[in-house]
Amino acid sequence: MEVKVDGYGNVAGTLVLPMFEDECSSEGFDHFGVHRNLLNMIEHVIDAGDFRAKEGSSLTIHNLEGKVILVGLGKSADFDDDAARNAGASLVAKRGKQHGCEFTARLSCMNSSQAAAYLEGAILRDYSYDKYKTKDDDDEDEDLVLHAQVATENIDLLITATGTATQVATGVHLARDLGNAPPNHLYPMAYAQEANNWAKEKSNVDVKIISYEAAVELGMGGLCAVGMGSDRKPCMVIFDLNPDAGNQPPVIVGKGITFDTGGISIKPSSSMDEMKYDMHGSATVFGLMQALWASGHEKRIIAISCMAENMPSSNAQRPGDIITTLSGKTIEVLNTDAEGRLVLADGLWKAGEYNPSWIVDLATLTGAIVVALGHEATGMWSNDDDLAKRLRVSGDACGELIWQMPLLPAFEKEMKSSKIADLQNIGPTRWGGSNGAAAFLKQFVQKQSDDEDAKQIPWAHLDIAGTAWGAKTNKMVAHGATGIHVRALHHMITKQ
Ligand code: BES
Ligand code: MN
Ligand code: ZN
């Protein structure tokens, strides 16, 4: 989609007129360039009570002079940036063929931050994953053009805001493409190849791939144990944006299970197809790097994707195996379906080698977080209140809610209760499973220095199992992968 911001001027294509319930009148918007006949019809429809601007309502008027969609925004007092983002998304979602591909949205009822959110919503929602649909010749989709008309004093601000939103959306859409990709096409080394292609011809990015053989050599026992049952071998992909721009870069780590069958502890077959999304942590990581690169971020950031396919086979790991991770810590694998934490054990330890200012990991880690929070919020665990707060505030600002959960010593104790290894990969009971998983990950966050009483590197774990797909209330997404937290993390890194 192309967004062009300007003042109230001539109308191109279909006119879009958002209105509040409490200001629903033909005087509630700027009339410039709207034909008298069309204005009369708008007046008539409103006077007759056929359009009251209730939230979510819309009415199309069509005459010889043009087309207009009246859009209801509900009560002005209830309208915030989230509502504006949803309204922008719903313009794109609900548009019909009859409305054409060119729209003029006259946003006179919104303040500048609402107008920016409205346009961001439209940009984000303009996405479809139709790569594998055979197209008819007359099916050619045309690019949308959206003329946003705003008060003169807001034009500059909105040009900047939509520019950034467009850049960030390239990252969100990349994350969604990766998440939606079928697991036969997107396997660990295919992801690595995509990362390499992405880095080519970008002078300020390095991508390094740690192959399966190299990972074995380095002692990445978690990553290798999970991936060894598949013919499509595991790998670690390390993105380095602006590698020459300073020390103590933040590091983002993503779980990238391109398909999670559960391994030998195999999953039931219902909805197993959804386990293609089990790499959404790594999809977000890649999308975030794209968003930061596209928006011209100048500081150094590192991202680590832990890629593996969790398959049952004669060379798969077994329940009962003991593995040695990159950290040197040993894990008794009691359930091969608790595999995300095994690959992240190595990814988090590796992250610590960069002496980072902070680490955030993203993972579709547990079904239990979907039980706890549904599809409405990501679960967060952190050893650092400041980092946790920055994440929560950024999530709120972007409409990508992040909800803090407890990181409790009792769960650490449970995960350390193996009789024969340092750790076990599942807790002794099923209760509080997401907390146990987070407590397990904490064991692989390095300390800030070698001092005996040094604190751990500030770290937060985001369990995105409920928010990476299937979030029906996420209006930016029709279906499939959501690209969750590309925006929240971009916001935190660039604005906080
Ligand atoms: N990828 C799954 C978590 C998951 C399940 C995400 C359903 C979204 C929807 C993860 O690898 C897993 O299988 N976790 C197990 C852990 C258990 C064996 C301790 C789970 O949640 O059941
Ligand atoms: Mn699993
Ligand atoms: Zn998994």
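Helices here are DSSP runs of H or I at least four residues long, numbered from the N terminus. With that in hand, this briefing covers a predicted model. The protein has 14 helices and 17 strands. Its radius of gyration is 25 Å, close to the 23 Å that the globule rule gives for 496 residues, so the protein is as compact as a globular protein of that length. The domain assignment gives two parts, domain 1 and domain 2.

**Overall build**
- Along the principal axes, the C-alpha atoms fill a box of roughly 80 × 50 × 45 Å.
- Of the 496 residues in the protein, 52% are buried.
- Take the contacts between residues at least 6 apart in sequence: 78% of them join residues at least 24 apart.

**Two domains**
- Domain 1 covers 2–135 + 143–168, and domain 2 covers 181–495.
- The centres of domain 1 and domain 2, taken over C-alpha atoms, are separated by 39 Å.
- Contact between the domains involves 13 residues of domain 1 and 11 residues of domain 2.
- On the domain 1 side, helix H2 (81–94), helix H3 (112–125) and helix H4 (155–180) each supply at least two of the touching residues.
- H2 gives the largest share of that side, 6 residues.
- By type, the side of domain 1 that touches domain 2 holds 5 nonpolar, 5 polar and 3 charged residues.

**Around ligand 1**
- Ligand 1 is surrounded by 16 residues.
- The closest are Asp337, Ala338, Thr366, Gly367 and Ala465.
- Helix H10 (residues 367–373) gives the largest share of this shell, 3 residues.
- The shell divides into 6 nonpolar, 6 polar and 4 charged residues.

**The largest nonpolar core**
- In soluble globular proteins, nonpolar side chains tend to be buried together.
- The largest nonpolar core in this model has 149 residues.
- Ala148, Met236, Leu348 and Ile359 touch the most other members of this core.
- H4 gives the most to this core, with 9 residues.
- Both domain 1 and domain 2 take part, each giving at least three residues to this core.
- Leaving out residues up to four places away in sequence, Ala148 touches Val3, Val5, Ala105, Leu107, Ala115, Leu119 and Leu158.

Methods. Residues are numbered from 1 along each chain as its sequence is written. Chains are lettered from A and ligands numbered from 1 in the order in which they are written. This is a predicted model: local features need pLDDT of at least 70, side-chain atom pairs count only at pLDDT 80 or more; totals for chains, interfaces and linings use all residues. Domain bounds come from an automatic or database domain assignment. Two residues are in contact if their C-beta atoms, placed from the backbone, lie within 7 Å. Ala, Val, Leu, Ile, Met, Phe, Trp, Tyr, Cys and Pro count as nonpolar, Asp, Glu, Lys and Arg as charged, and the others, Gly among them, as polar. A residue is near a molecule or strand if its C-beta atom, placed from the backbone, lies within 6 Å of it. The radius of gyration is taken over C-alpha atoms; the globule rule is 2.2 Å times the number of residues to the power 0.38. A residue is buried if 20 or more other C-beta atoms lie within 10 Å of its own, exposed if 12 or fewer, and partly exposed in between; C-beta atoms are placed from the backbone. A nonpolar core is a set of buried Ala, Val, Leu, Ile, Met, Phe, Trp, Tyr and Cys residues joined through C-beta atoms within 7 Å.
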